[in-house]
Amino acid sequence: MSDAATLSGRVRSRRPRFSPAPLLGVATVLGLLAALEALIRTGLVSPFVVPPPSTVLLAGIDLLWHGNGLEALLATAFELLSAAVLVGLIGLSVGTLLYRVTALRRTYEGWVAALAATPLVLVYPFFLVMFGRSAATIVAVGVVAGLPPMVLRTIEGFAGVRPVLVDVGRALNLRPVRVFWSIEFPAALPVIFSGFRLGLGFALINIVGMEFLINYGGLGQLINEHAELYDLPETYACIALVVVVSAVFVAASEHLERRLRG
Amino acid sequence: MTSPEPSAPVPPLSGDTSAVVGWTAALRVMNVTKRFHTGREIVTAVDDVSFDVREGEFLSVIGPSGCGKSTLFKIIGGLLGGFSGEVRVGGRSIQGPHRDIGMVFQEESTFPWRSVLDNVAFPLEASGMGRAERLDRAAHFVSLVGLKGFERRFPSELSGGMRQRVAIARTLAFNPKILLMDEPFAALDEQTRYLLGDKVLQIQQATKQTTLLITHNIGEAVQLSDRVLVMTYRPGRIKAVVEVDLPRPRSDDVITSDAFARHVAGLWRNLKEEASRGLAESEALVSGGAG
Ligand SMILES: Nc1ncnc2c1ncn2[C@@H]1O[C@H](COP(=O)(O)OP(=O)(O)OP(=O)(O)O)[C@@H](O)[C@H]1O
Ligand SMILES: [Mg+2]
């Protein structure tokens, strides 16, 4: 590569070298599923307790292809996406505010920490009254559940920025807004994103839980229906689809983190 | 926190010879005192320090660990408030960071999320320089500090000394009129330290940048400086201002000369007293704390 080629183009992010970790993860899951299949096939585990993974797979494909699986998956994904955007924006703003204003932080940080350990899904009647039996209620509960970790980790992220990095910006006479966006924010980003991913997880759990609870839209409702009819393969297939949604969102958030930092 | 009147008398060890010689001061430090209030104790980090720095001068500051050198630099750089006295740049009293001053910090200060090249280009980017131009300029300074080929690496992939060189390049690329460097070569081995010091000196001689350097290395101070300022241990005062009247450029002949050795020995005597006093005090603290 010539010098000019090396230097042209701003380096966006570190090119990760090949890592066996993701492949190993997939292999482990497949291995465990195969072992389960074998246990059921040999009769050591009753198929009425756990359906064989192959049956679940077929049920899943059938749900996506002929049933309303895809629709439910998209509904849940859309609710999670809405919740994620709100958790990200509100959490970042509130966290930044609490970090900046020491008095607010002293007053409220403890409460936020307490909320993080509370089953916030229990506030659903409130949203039910406000938004009715709708996606809005489900998203609202997801947001409420996802916010505390996001807020806490945002505060922590900013508090952990080494002062000398801020001094570099100040010494260059940058305005505080500029110092914030070009130094403090990228420096705190990894911690903020760990909070965001935690928040995403809480949001998804509560979104699916709410769908189940108020029997509305999404994968949660589908699980509800199939569980009631004791359609075990379909039930497990839906749970697997929740895992798929979760994995896609975590991967997307990692991608976003790299983009924002670069 | 009140500034002294402009006519306040300058103490004898100020190094202020401007009236006599008639040069203009690029930087004036006037009766600066800084105290830190920590819990129940008040630490006087800098005590009534005054000195002038000539335009284009290379001035080193040397003194025992904890004597207030970094504090003094942060005050000059406008990063630390709450001091008494005054700092003037180009005749004007500074309030906060000044665009003519560039700083290299003692602590590791590279941005871990930016590549070497983007780190060095940061100040240029902040000042609104166009992309192609700033990357070009940054690349020049990266190779100047001996990091050619590492442009796309990230700080986590470099050694401590290499990271410090990135920080030096970042400040040099910005071309400040006054350069403050707080132990920039501390993490480097002796050879690299010498070569890089020489390079910084070459740049400084070419650009006539006014340079202040904190160092613990007496040889380095003599190698590079026009004057060396020796500070006392707690409170941080100026103990001596030593003129280094060795010819420039400081070739190998100069560095191995008797005059050079005499300067080193003189500084060492000045410093030894302070260093032992500093050590004795901390030992007293330790044994006192244990008792
Ligand atoms: N933010 C602070 N709060 C309280 N005390 C401080 C603070 N910064 C520095 N000090 C104290 O001021 C004194 C001078 O510190 P400073 O960092 O200026 O020393 P230094 O000469 O740069 O030392 P070194 O050579 O080890 O870097 C020290 O006694 C230190 O404990
Ligand atoms: Mg220091």
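This is a predicted model: local features need pLDDT of at least 70, side-chain atom pairs count only at pLDDT 80 or more; totals for chains, interfaces and linings use all residues.
Residues are numbered from 1 along each chain as its sequence is written, chains are lettered from A and ligands numbered from 1 in the order in which they are written, and side-chain values use heavy atoms, with hydrogens and water left out.

**Stop 1: where the chains meet**

Select chain A and chain B together, and look at the contact (heavy atoms within 4.5 Å), which takes 26 residues from chain A and 35 residues from chain B. The two chains bury about 2,700 Å² between them, 59% of it on carbon and sulfur atoms; buried area here is the accessible area (1.4 Å probe) that two parts lose on being put together, summed over both. On chain A, select helix H1 (3-7), helix H8 (163-171) and helix H9 (176-214), each of which supplies at least two residues of the side that touches chain B, with helices and strands taken as DSSP runs (H or I, at least four residues, for helices; E, at least two, for strands), numbered from the N terminus. The largest share of that side, six residues, comes from H8(A).

**Stop 2: the metal site**

Now select the magnesium ion (ligand 2), which is coordinated by Ser70(B) through OG and Gln106(B) through OE1, at 1.9 to 2.1 Å. Donors are N, O and S atoms within 2.8 Å of the metal (3.2 Å for Na, K and Ca), and because water is not among the atoms, sites may look incomplete. Ser70(B) sits in helix H2 (residues 69-76) of chain B, whereas Gln106(B) is in the loop between strand S6 (101-104) and helix H3 (116-126), 36 residues apart. Gln106(B) is partly exposed, with a relative accessible area of 37%, where buried means under 20%, exposed over 50% and partly exposed in between (1.4 Å probe, protein chains only).

**Stop 3: charged pairs**

What does Arg227(B) form a salt bridge with? Select Glu57(B), and you will find the closest N and O atoms of the pair 2.5 Å apart; a salt bridge is a side-chain nitrogen of Lys or Arg within 4 Å of a carboxyl oxygen of Asp or Glu. Arg227(B) lies in strand S9 (residues 227-231) and Glu57(B) in the loop between strand S2 (41-54) and strand S3 (58-62) of chain B, so the pair ties together parts that are 170 residues apart in sequence. Arg227(B) is buried at 2%, and Glu57(B) is buried at 3%.

Turn next to chain A, where Glu184(A) forms a salt bridge with Arg100(A), the closest N and O atoms being 2.7 Å apart. Glu184(A) is buried at 7%, whereas Arg100(A) is partly exposed at 44%.

**Stop 4: two residues of chain A**

Select Leu36(A) in helix H2 (residues 21-41) of chain A, a residue that counts as partly exposed at 25% relative accessibility. Leaving aside its neighbours within four places in sequence, Leu36(A) is in contact with Val50(A) and Pro53(A).

Finish at Ser134(A), found in the loop between helix H6 (124-131) and helix H7 (135-159) of chain A. Is Ser134(A) buried or exposed? At 17% relative accessibility, Ser134(A) counts as buried.
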